[in-house]
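Hello,

Here is the structure I promised to pass on to you. Please have a look at it first, and then read my notes below.

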Amino acid sequence: MLTQNLTKERLRLEEELRVVRQERDNLKLSQDSVDEESATQISELHIQLQNSTRRTAEFQALVNDLTKEREKLIKEIEKIQTQSIETSMMAQESQSHYNELVLERDSLLSKLKLLEQDKSRHQRLEDELTRIKVTLETEIRNKQRLQDEKNAIHKDLSHLKNQFELREREIRQCNSDKDKAGRDNLSLKNEIEKLVRELKTVEERYKSRLLISEKEASDLALKRDALEREIQRLRQRPANMSKQTQTNEKIPSVDPSKLLFDGVRRKVTAHQLCDCGVITKATLEQLLTGRKTVDEVAVDIQLYLKGTGIIAGMVTRSHGKMPFTEAKNNNLLTPESALKLLEAQAATGYIVDPEFNERMSVDAACSRGIVDTEDRDTLVTAEAACTGFKDPYTGKVLSVGQACKQGRINKDTAIRLLQAQESVGGILDPVLSVFLPKDQALDRTLIDEELYTALTKKPTCYLDPATGEKITYSDLRKICTVDLVSGLLLLSAPEKAMTVKGLRGNVPVKELVASGLLDETDSQKLSSKEIEEKLKSYLYGSTCIAGIYDEVKDRIMPFYQAMKEGLLMRGTTLELLEAQAASGFIVDPVNNVFLTVEEASKKGLIGHEFKNKLLSAEKAVTGYKDPETGKIISLFQAIEKDLVEKGHGIRLLEAQIASGGIIDPKESHRIDVSVAYKRGYFDEEMNEILSYEGDDTKGFFDPNTQENLTYLQLKERCITSPKTGLVLLPLKDKKKIQKSEESRSNVLRKRRVVIVDPDTGLEMSVREAYHKELIDYDTFLDLSEQECEWEEITIKGSDGTTRLVVVDRKTGTQYDVKDCLERGIVDQKSFDQYRAGTITLTQFADQITHKTSTTELTIAASNVEDMATCSSPTQLTPSSPTVRKRFSSISITVSPPEMFDDHSPVAAIFDTETLEKITITEGLRRGIVDTLTAQRLLEAQACTGGLINPSTSERLSLQDAVHQGIIDESMASKLKPAQKASAGFEDVKIKRKMSVAEAVKEAWLPYEAGQRFLEFQYLTGGLIEPGSGQRISIEEAIRRGWLDGQGAQKLQDTRNHQKNLTCPKTKLKISYKEAMDGCMVEESNGMKMLQASSVSSKGISSPYNVSNPGSRSGSRAGSLAGSRNGSRRGSVDYSSTYTYSFSSSS
């Protein structure tokens, strides 16, 4: 203010000096004219004198008179000159007095105008306040009415919900009954087929018995005839010849060596069958006496001799019956499932050719092409379960159970083969070649107790070809169909699932549904082409950086060509090509073609020196082979197993995510982060590593600025081709002006007030002096308003136009100088003076702010007097007057607020330096909130109902928040799991929304993230029920099975909650509970605002840091650093006690 007054006084004195000099020049001109007139008169007199020389005598007296008259004229002229000087001085004094009066009049008019404006503004505010009070009363009444309606609707909804649940239970019961009926129907169908087979067996048995009976009847008839003839002959004998003698009849017997039965692979005797319990001793006696034949007994023990039938093959509508190997080649069976079914055939006797109903050994089947040669060794081992394993030491034949006990075959394989045997007829004895019941097999040591127990549990060792789920062999036999001609059991081939084109192969639509990318209804309604179009960002293509745009020659080129021409360095080229390969394809930007590494190598898009490295990077798409298990694993899993160097892997993973998402190498498509978490392709730690924009994650190089950037940052600097839509990295023309970007030249002017303590000589800021009670509150306000930090920014647009903008860096207010000139806020003269250096940037800015409102703020509040209120019972005395004076000229727009309660999450950041309420993202941009803390605060909002717009108090979805600029796209992708924590996680199997706790239990959500979301929900009112959005208490969560006792106790122990936030004010680690407790609360709507500053202010108190009103001590680091930036310094003594030192830098 002093500098401004001195400047005005100097300008006034210069103006007076200029007027005096002008008057002096006018007087000089007047004197010259008078002298000229005098010279003219003198010349005339000289002429007269010459003429009078001829008449000297006559006119001598007249000459004397004229001489006297001339002297008189000279005296008069001198008198006139003196009067003229006096008049000029009087005019100058009058002009000065007039100027002073004009200035006083202008000053009074401006003050009067300001007073009128203040009066009208206060009147408008009073009217607005009255209207707001009326509106609030109306709103309260409407709120009460809406609450009543809400209660009524809630009751209706509860009633409807109960009815819905009742109907749903009935529907589930009906579905259950329907499924049960279906299973019963299928069981009955299988039973009917079994009975049909048994009926055929019985018919064949009775037919054989009928033939035997007919043969016996004919034999008996012959015997009867022979006996009748013998009787007649005996009657004809003499009486003396007819002596009766008693003799012993000899019982006929059969040779035991001829009593042979056909076993599975060899003959078995009747004695052997009796020894193993297949036939009884009575049956053996009947066989030995001839009362029963081998065929008759064989019919009764058919189950033990041949079994009930093995699964012979597959049948399709188009190809008919086929062996399992052919089904595998036709992609109807997986290789694993086909091999297991063939093993079951070999273990139960023979490999079956269902087309010709032939049974054969493994070697015969291999020679005929029924099985593949590579499967021979495995099937020979399985066949040994039927023929027996040979003990190398004793030469004895061992059963599969005995071989397992000796370690010649692993336990899982033994159980699988034994289960197939048991399902067919029993445990196969390789010595007798018959099936025996499980108990008899245990008694005969064919199996041990461990295998017996394992078989009793009925393990699922086989695969259902229709669903891919594990199933027992007996259940697999039940779903088979019986061939009417041959009686063989055949598996029905599953209908070929609809597939779509993926990154490297076809992707089943069921997999897209399982991955949460497609709804079940859409999978049934949409065609494959429509699904591909809908999910093209997940199935194929890539949004990676495709190539180079050369601005010098206006052309597009691939990376490798740019390297060959010297536009890119080798390392940069390799990094960008690896990012392409890891995100799906090598891109030909000229022809808009996506190629694999092999194809790109053939077409010359990459060099041979890069091929091997790019093939390695391409495994991020096709998958890495685990050397331990041989299975395909993802890039993240390869990093964890040290198959890929961590830094290199992180760079590839970042490029993969930035160009479309994480790739599932097994299914050949991209997946969301939540699915990647579940499948083990991503975790919370890696997410935090990629979210942290430090030097460790900046693995890509910008050839234009020579900076190290993340892949996402490099993409943001790229352009999009209007023809192809590809992302291209522009190479700037370094020899010309960069026309495509705005160039800025900054001029910074600061003015800070520094107070010197006369006792200690220490410098301090105005705020510190106020806290030390060196100045009173009014002086604090007056000096605070004098502090400013102005910056001049010159912006040159692409069209060549130039704009000059003056920015107040303390408030962020910007003034366009051209606009101010057009509106008459400043005149051209002042602007010219500023450009010439006559006045400083601060003086020029003061002229602008003098005629404009320095602050434009939209506040969602109902009371202007108290902007911020202490959340504790104690308030600082100066708080209300500070706010009243600070915002006395604020333009206020009042919007209907959404009321927050004590359990609402942290909604905004309060910048203690600029006294602003800002969004969390803005706090992150200003550098007063770190990245991880910002993400955690936004997660707390998202998982408790939606992101909060501090200006309108509205809850927003992620998409709406991005649209309104609350967050950016990258942050939105990180917050998707948190949003699902509120909306619910979709369980694709049971079609139900799961809560956070359930999602953690089902491994849909990592434990760390789930625990964090549970803490956020618990602290803000309770766990959220998906769908309804209602809050659930801990007791109710335990009752529903969401939490156990330990988990509930962990949530309730708030003192031990995770300290995963960094306090933006003290820079200490805090928990979310501590952050909520330390927030400011906006009285009008209850919104919580977390205080933040660029410098740690632990222990510093201020009128606005109301959460810690009692603190008096503080750090002077900020003020001292600011005070020493000035290049010129002057001091003015305002009192006898303190010295106020002003510093300004230009």
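Four strands make up an open sheet with mixed pairing, in the order 18-17-28-27. At its edges stand strand 18 (555-557) and strand 27 (719-720), each with a single partner strand, so one side of each has no neighbour in the sheet. Strand 17 (residues 545-550) and strand 28 (residues 727-731) are paired in the parallel sense over five bridges. Ile 545 has Val 727 in strand 28 as its bridge partner.

Some background on what I am using here. This is a predicted model, in which local features need pLDDT of at least 70 and side-chain atom pairs count only at pLDDT 80 or more, while totals for chains, interfaces and linings use all residues. Residues are numbered from 1 along each chain as its sequence is written, and side-chain values use heavy atoms, with hydrogens and water left out. Strands (E, at least two residues) and helices (H or I, at least four) are DSSP runs numbered from the N terminus, and two strands pair if DSSP finds at least two bridges between them.

There is also an open sheet of four strands with the order 4-3-14-13, again with mixed pairing. Its edge strands are strand 4 and strand 13 (481-482), each of which pairs on one side only.

Strand 3 is joined to strand 4 (residues 320-322) by three antiparallel bridges, and Thr 316 has Gly 320 as its bridge partner. These two strands form a hairpin with three residues between them. Strand 13 and strand 14 are antiparallel over two bridges, and Val 482 stands opposite Leu 489.

Finally, the surface. Asp 32, Asp 35, Glu 36 and Glu 37 gather there in a patch of negative charge; such a patch takes residues with over 30% relative accessible area and no salt bridge, and joins like charges within 9 Å. A salt bridge here is a side-chain nitrogen of Lys or Arg within 4 Å of a carboxyl oxygen of Asp or Glu. Glu 37 lies in helix 1 (residues 2-53) and is exposed (over 50%), at a relative accessible area of 52%.

Best wishes

Methods
Patch = residues over 30% accessible without salt bridge, like charges linked within 9 Å, V, L, I, M, F, W, Y side chains within 5 Å. Areas by Shrake-Rupley, 256 points an atom, 1.4 Å probe, with all protein chains shown as cover. Lys, Arg positive; Asp, Glu negative; His and termini not counted. Charge placed at Lys NZ, Arg CZ, Asp CG, Glu CD. Buried < 20%, exposed > 50% of the residue type's maximum accessible area, 1.4 Å probe, protein only.
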